[in-house]
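User: Hello! I am new to this structure and would like to learn how to read its features step by step. Could you show me?

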Amino acid sequence: MKKLIIISFISIITLTSRQTLKAQITLEHTYDSAELNLYMVHLEVEGDKYIWRDGIDTTIRLYNLDHSIFKVINYSSIPNSYNASAFLYVSEHLFNLDDLIECMIVTEDSNMVYYTYIINELGTILFTADSL
């Protein structure tokens, strides 16, 4: 009974205290065109990473959570890489069982035909299909 009274007393004091807590958001890093080209992904082995797609050249940059560069993936080996419209399913084990990072890239040509590619971090094309 004595413990219950002490716990109740501490709970009442804690709940009735009127301390205001203040917090501030601090800017850690900025990325160009982040509103469209920056997102997070959870890799099966390496964990959470930022992904930033460079709109100028044909690279995808993966960053650690402390904003240091983890990997740079060059996808210039695929045709129409300058018209890449979507980067999907960035993963380490979704498309095969090695620990290389793979992703799906969708491009389109001048006739508005879409092509789907799966490439790994070395730029090797693992799969290709058109009109998907």
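Analyst: Gladly. Let us begin with burial: a residue is buried when its relative accessible area is under 20%, exposed when it is over 50%, and partly exposed in between, using a 1.4 Å probe and protein chains only. This is a predicted model, in which local features need pLDDT of at least 70 and side-chain atom pairs count only at pLDDT 80 or more, while totals for chains, interfaces and linings use all residues. Residues are numbered from 1 along each chain as its sequence is written, and side-chain values use heavy atoms, with hydrogens and water left out.

User: Is Thr-58 buried or exposed?

Analyst: Thr-58 counts as buried, because its relative accessibility is 17%. To place it, we use strands, which are DSSP runs of E with at least two residues, numbered from the N terminus. Thr-58 sits in the loop between β2 (47-53) and β3 (59-63).

User: Which side chain does the side chain of Thr-58 join in a polar contact?

Analyst: A polar contact is a pair of N or O atoms within 3.5 Å; within protein, one must be able to donate a hydrogen and the other to accept it, and residues adjacent in sequence count only if both atoms are side-chain atoms. Here the partner of Thr-58 is Asn-74, at 3.4 Å.

User: How do I read a salt bridge?

Analyst: Side chains of opposite charge can pair when their charged atoms come close. The rule asks for a side-chain nitrogen of Lys or Arg within 4 Å of a carboxyl oxygen of Asp or Glu. By that rule there is one salt bridge. It is formed by the side chains of Lys-71 and Glu-121, at 2.9 Å from N to O. The pair links distant parts of the chain, 50 residues apart: Lys-71 is in strand β4, and Glu-121 is in the loop between β7 and β8.

User: Why does Glu-121 count as buried, and what about Lys-71?

Analyst: Glu-121 counts as buried because its relative accessibility is 14%. Lys-71 has a relative accessible area of 27%, so it is partly exposed.

User: And how are strands arranged into a sheet?

Analyst: Two strands pair if DSSP finds at least two bridges between them. In this model, four strands form an open sheet in the order β5-β6-β7-β8, with antiparallel pairing. At its edges are β5 and β8 (125-130), each pairing on one side only. Strand β7 (residues 114-120) runs antiparallel to β8, and five bridges join them. Tyr-117 stands opposite Thr-128 in β8.
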